[in-house]
Amino acid sequence: MSSITIRPATAADLDRITEIYADAVTHGTASYELEPPSRAEMGSRFDSLKAGGFPYLVAEKDGAVLGYAYAGAFRPRPAYRFVVEDSVYVAPEAKGQGVGLKLMQGLIDAAKAAGFRQVIAVIGDGRPDSASVRLHEKLGFRHSGRLEGSGYKHGRWLDTVFMQLSINNGALAPPDPNSLPEQRFLEQKQ
């Protein structure tokens, strides 16, 4: 029996990534998009994240992509440069097999290696029993806020839950001048 491999996503994965996300948009409540983006739009988003040095991973088993996860800027203002927002999506047929957990573990490791200090989860339909809330709790994320009735999808109001994980000593130490976010910031100032 083969195992699940976590690896950096490539442009060759984008057709499958687009399919997985389209299913999540169409049938789920994790994303507040109402219409699935095109393959071209997903490619543009991928290129933007990769150009920014953000981690973008896929889970693969027997040559098939089962899910993907990435970290991106939490907010565009420069003081937020040490904070990333995570996103993780798993193909319907792969749910409940630990794919999301493996992707998030890899994503957290990549965010640590880049020198980020906080990972924020913005969870649509953040019911306490939702798979995403439970996954983030299992990984040590703590609840840090709720926006009640902030989204309307599939005929119902949805709450948005914020969860947060401190990494690399969080706010307990000064920024690492050699970290990816600090180096990008200094390059932009020049």
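1. How much of the chain over residues 4–168 is helix and how much is strand? In this predicted model, that stretch is 31% helix and 35% strand. Its end C-alpha atoms lie 27 Å apart. The UniProt record, an unreviewed entry, places the feature "domain: N-acetyltransferase" at residues 4–168.

2. The strands to look at form an open sheet of 7, ordered S1-S2-S3-S4-S5-S7-S6, and the pairing is mixed. Strand S1 (5–8) and strand S6 (142–153) are the edge strands, each pairing on one side only. On average, neighbouring strands of the sheet are turned by 25° against each other, direction ignored.

3. One pairing can be followed in detail. Strand S5 (residues 118–124) runs antiparallel to strand S7 (residues 156–166), with 7 bridges between them. Within S7, Gln-164 is the residue opposite Ile-120.

4. Helix H1 (residues 14–27) lies across S2 (56–61), S3 (64–73), S4 (83–90) and S6, at about 80° to S3. Helix H2 (residues 39–51) packs on the sheet and touches S1, S2 and S3; its direction makes about 55° with that of S3.

5. The largest nonpolar core contains 45 residues, and Ile-17, Tyr-68, Val-99 and Phe-141 have the most contacts inside it. Helix H3 (residues 99–114) supplies the largest share of this core, 7 residues.

6. What does Phe-141 touch, not counting residues up to four places away in sequence? Its contacts are Asp-86, Met-104, Ile-108, Val-119, Ala-121, His-136, Met-163, Gln-164 and Leu-165. Among them, Gln-164 is the residue already named opposite Ile-120.

Methods
Residues numbered from 1 in each chain as written. Predicted model: local features only at pLDDT ≥ 70, side-chain atom pairs only at ≥ 80, totals over all residues. Heavy atoms only, no water. Core = buried A, V, L, I, M, F, W, Y, C linked by side-chain atoms within 4.5 Å. Buried < 20%, exposed > 50% of the residue type's maximum accessible area, 1.4 Å probe, protein only. Helix = DSSP H or I, 4+ residues; strand = E, 2+ residues; numbered from the N terminus. Contact = heavy atoms within 4.5 Å. UniProt positions renumbered as here; feature names shortened; annotations may be inferred. Pairing = 2+ DSSP bridges. Axes fitted to C-alpha atoms, helices over the stretch in contact; angles between N-to-C directions.
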